[in-house]
Amino acid sequence: MRDVEAEVLNAIDEAETVSLLADTVRVPSVTGTDAESELQHRFARLLTEAGMDVDVWKLDLAGLTGRPGFPGTEAPRTEGYGVVAVTEGEGPPALALQGHVDVVPTGDLAKWEGSDPFAARITGDVLHGRGACDMKAGLVANLAVARAIRKAGIRLARPLAVHCVISEEDGGLGAFATLDRGHTAEAAIITEPTSGTVITANAGALTFRLEIAGRAAHGATRYEGVNAIEVFWPVFEAVRRLEAERNRDVPGLFRGNEMPYPIEIGTVRAGDWASTVPDLLIAEGRLGVRLDEDPAAARAAFEEAVAAVAHPWLRANPPVVTWPGGQFASGRLPAGHVLLEEVGQAVADVTGARPAESAAPYGSDLRLYAAGGVPTLHYGPGDVRFAHAPREQVELRELREVTRALALLAVRRCGAL
């Protein structure tokens, strides 16, 4: 290890990094809320203090919706901000470290130990709280790298960039706006939780809405009506059959994952009176998009499966399928790209073992960076099984290891003067 690399590693303040993570988790930055903007401004200030040139801008929400490739949104919002910080150096950034500030809602507060999801409670070497895993630990690791380079007094030959984005959880508006503004890099690491592996490909996920018509009648004469809940059931069974079909012969990158392209219905609403046959059912869910599959083809497959349901009522009253909300295409790092080897070596130098390569069954900002010509992969602290869950947590050991590996990668890729 070169002297400059050792200097940067020695400059990482681990206690300060943990404290910053706790402070970051305590900001309830649920996607679409004012706290999302608050956290963006906080990171803009911290990155400025780290000696970086920071671009903060207010997103043109109306204008972005008309841009080609707009990824869709689900959470209502009245404002949004982009934050990109860049060090000194010649040419475009050799590396961008990217993370999103937004988190999903907390769910039932009674299921959280201590009942405060944003308390940032630490037990042993684990920090608990909404967003700790997905993905504030990764966000803080990115900042810790920039701080360490500044503290060590290292001047980089080529710029390092840090991208902080909003709205990843509901489609990727923040990443889309960042790329639309012209912020790019030769390569990017998104520090989503990866449990020590390197994720080089993402499946996609498309939000769908199903409307199933019934015929209202008094509950006492239900035989005069058609229950929308009852006629929904064969549609649900058709969705399950389609899911099984689409998960046959999956790529080897998904080894160990029995269902990389799940289809799930997350909400079902029907009826407006206890003694009335419900005449409308609305179901919303997500459709997994296969690697390299055109999202239009995935939508067509779903619509065809729903339309083919053999039920007399549905033949005369076809279900209506629409596609609101987030629309995540799949994405992947180009085969053989040097970034995978560079990350693997940096991780091995920190942990003593090379990380495995795999693919993830969920959508992310990776596909937007890949579509924008930026080779991108995931490597970050946390286990994705804790994401979006009431037990959300991150091991601080992983935060330390990822921060050190990213610091090595940044110095090696950007070079030191």
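This is a predicted model: local features need pLDDT of at least 70, side-chain atom pairs count only at pLDDT 80 or more; totals for chains, interfaces and linings use all residues.
The largest nonpolar core holds 83 residues, and the members that touch the most others are Leu21, Leu127, Leu160, Ile189, Val343 and Tyr379. Which element gives the most to this core? Helix H12, covering residues 396-414, does, with 11 residues. Apart from this core lies another one, made of 27 residues, including Ala228, Phe232, Ala238 and Ile263. Setting aside its neighbours within four places in sequence, leucine 21 is in contact with Leu127, Lys136, Ala137, Val140, Val394, Leu396 and Leu399.

Now let's follow H12 to its partners. Two packed helices are described by the angle between their axes and the distance between the axes. Take helix H5 (residues 132-151) to start with: H5 and H12 pack at an angle of about 50°, and their axes are 9 Å apart. Angles under 35 degrees count as roughly parallel and 65 to 115 as roughly perpendicular, so H5 is oblique to H12. The crossing of H5 past H12 is right-handed. On the H5 side, the contact is made by Ala137, Ala141, Asn142, Ala144, Val145 and Ile149, while H12 brings Leu399, Val402, Thr403, Leu406, Ala407 and Ala410. Sorted by kind, the residues of this contact are 10 nonpolar, 2 polar and no charged.

Helix H10 (residues 338-351) meets H12 as well. The axes of H10 and H12 come within 8 Å and cross at roughly 130°. That angle makes H10 oblique to H12, and H10 passes H12 in a right-handed crossing. From H10, the residues taking part are Val338, Leu339, Glu342, Val343, Gln345, Ala346, Val347, Asp349, Val350 and Thr351, and they meet Glu401, Arg404, Ala405, Leu408, Leu409, Arg412 and Arg413 of H12. How do the residues of this contact divide? There are 9 nonpolar, 2 polar and 6 charged.

The buried residues are Leu173, Gly174, Ala175, Phe176, Ala177 and Thr178. Among the elements that cover them are strands E1 (53-58), E2 (81-86), E3 (95-100) and E6 (160-165), along with helices H4 (61-65) and H11 (366-371). Just after H6, glycine 182 takes a positive phi of about 100°.

Serine 167, in the loop between E6 and H6, has a phi near 60°, a positive value in a residue other than glycine. Aspartate 292 also has a positive phi, near 70°, and is found in the loop between strand E11 (280-289) and helix H8 (295-307). Are these two residues buried or exposed? Serine 167 is buried, with a relative accessible area of 0%, whereas aspartate 292 is exposed, at 58%. One more spot takes us back to H5, where methionine 135 is found: the peptide bond from aspartate 134 to methionine 135 is cis, with omega near -10°.

Note on methods:
Residues are numbered from 1 along each chain as its sequence is written. Side-chain values use heavy atoms; hydrogens and water are left out. A nonpolar core is a set of buried Ala, Val, Leu, Ile, Met, Phe, Trp, Tyr and Cys residues joined through side-chain atoms within 4.5 Å. Buried means under 20% relative accessible area, exposed over 50%, partly exposed in between (1.4 Å probe, protein chains only). Helices (H or I, at least four residues) and strands (E, at least two) are DSSP runs, numbered from the N terminus. Contact means heavy atoms within 4.5 Å. Axes are lines fitted to C-alpha atoms, for helices over the stretch in contact, and angles run from 0 to 180 degrees between N-to-C directions. Angles under 35 degrees count as roughly parallel, over 145 as roughly antiparallel, 65 to 115 as roughly perpendicular and the rest as oblique. A crossing is left-handed if the near helix is turned anticlockwise from the far one by less than a right angle, and right-handed if clockwise. Ala, Val, Leu, Ile, Met, Phe, Trp, Tyr, Cys and Pro count as nonpolar, Asp, Glu, Lys and Arg as charged, and the others, Gly among them, as polar.
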